[in-house]
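Hi there,

Here is the structure I promised to pass on.

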Amino acid sequence: MTSLDSVLDKDGVRLTVDDAVATVTLTNPAKRNAQSPALWRALTEAGRALPGSVRVVVLRGEGKSFSAGLDRQAFSPEGFDGEPSFLDMARGPEAELDATIAEYQEAFTWWRRNDIVSIAAVQGHAIGAGFQLALACDLRIVAEDVQFAMRETSLGLVPDLTGTHPLVNLVGYARALEICATGRFVHAEEAERTGLANLVVPADELDAAARDLAGALLAAPRDAVVETKALLSGAVSRGYEEQRVAERAAQGRRLRDLAGITD
């Protein structure tokens, strides 16, 4: 990428845009990009701030780790400055707790929008919320030193930041259960073999590999990529015959568009 226009830079999140490619960077390497409610709100804001010209979004973390997960300060009695602690939230009304978690989840949902393709470039630790943030993206390129782990269950919690659905889709129920229940590390070779990673590269080639993939994704016409992504993402919930119908409808739209026919 050449000149980057900064769209947002706050609370450990920086969004830059270079024409059709946006880059979201986690910018707190001193804390291994540990996550907080403020960071989640900034991620949500980054998704909303994407210009319409953006087709590919690259997610990366500064420093040795992609994200070491939730900042443990969340579980302290004092919590974060200006934020209710997780312990206080647990003591409040159940409906309020549910609404708060739903708000946090918004930081992890927009990466699967049909109008963009998202790439997580992951190095070092991607633990808990960090693992789930990588799983939120469509594609994952990982460094050889990557260490995925879902540690929530080991802490008496459950993964609640939208990571369970993509994890099961990628590796299957049995392996997903084993990964979550044990909290063990998943390294690069297993990540690539099981479908968690699309590509493994040396750490010093990670950013270049993400740029190369972003460029390759831009080669096809945007509308064709959007329709294809919608077809593939919907295939999980459709039966075979339903998918055939969806394919025909999508192809009809593409052919009419290419022929200049408007409904």
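Two things to know before you start. This is a predicted model, where local features need pLDDT of at least 70 and side-chain atom pairs count only at pLDDT 80 or more, while totals for chains, interfaces and linings use all residues. Residues are numbered from 1 along each chain as its sequence is written, and side-chain values use heavy atoms, with hydrogens and water left out.

Let's begin with the sheet. Helices (H or I, at least four residues) and strands (E, at least two) are DSSP runs, numbered from the N terminus. Two strands pair if DSSP finds at least two bridges between them. Seven strands make up an open sheet here, in the order 1-2-3-4-5-7-10, and the pairing is mixed. Which strands stand at the edges? They are strand 1 (5–10) and strand 10 (199–201); each has a single partner strand, so one side of each has no neighbour in the sheet. On average, neighbouring strands of this sheet are turned by 15° against each other, direction ignored (axes are lines fitted to C-alpha atoms, for helices over the stretch in contact, and angles run from 0 to 180 degrees between N-to-C directions).

Now for some of the pairs. Strand 3 and strand 4 run parallel and are joined by six bridges, with leucine 26 opposite glycine 61 in strand 4. Strand 4 (residues 56–61) is mostly covered, since five of its six residues are buried. Buried means under 20% relative accessible area, exposed means over 50%, and partly exposed is in between (1.4 Å probe, protein chains only). Strand 7 (residues 139–143) also runs parallel to strand 10, through three bridges, and isoleucine 141 stands opposite leucine 199 in strand 10.

Next, the loops. Is asparagine 33 buried or exposed? It is buried, with a relative accessible area of 1%. Alanine 30 is in the loop between strand 3 (21–26) and helix 1 (37–49), and this alanine is exposed at 76%. Its C-alpha is 9.7 Å from that of serine 65, although the two are 35 residues apart in sequence.

What about disulfides? The structure holds zero of them, a disulfide being a pair of cysteine sulfur atoms within 2.5 Å. For cysteine 137, the nearest cysteine sulfur belongs to cysteine 180 and is 18 Å away. Cysteine 137 is buried, with a relative accessible area of 0%, and cysteine 180 counts as buried too, at 12%.

Last, the surface. Aspartate 98 lies in helix 3 (residues 94–109) and counts as exposed, at 55% relative accessibility. Leucine 157, in the loop between strand 8 (147–149) and helix 5 (164–171), is partly exposed with a relative accessible area of 37%.

Happy exploring!
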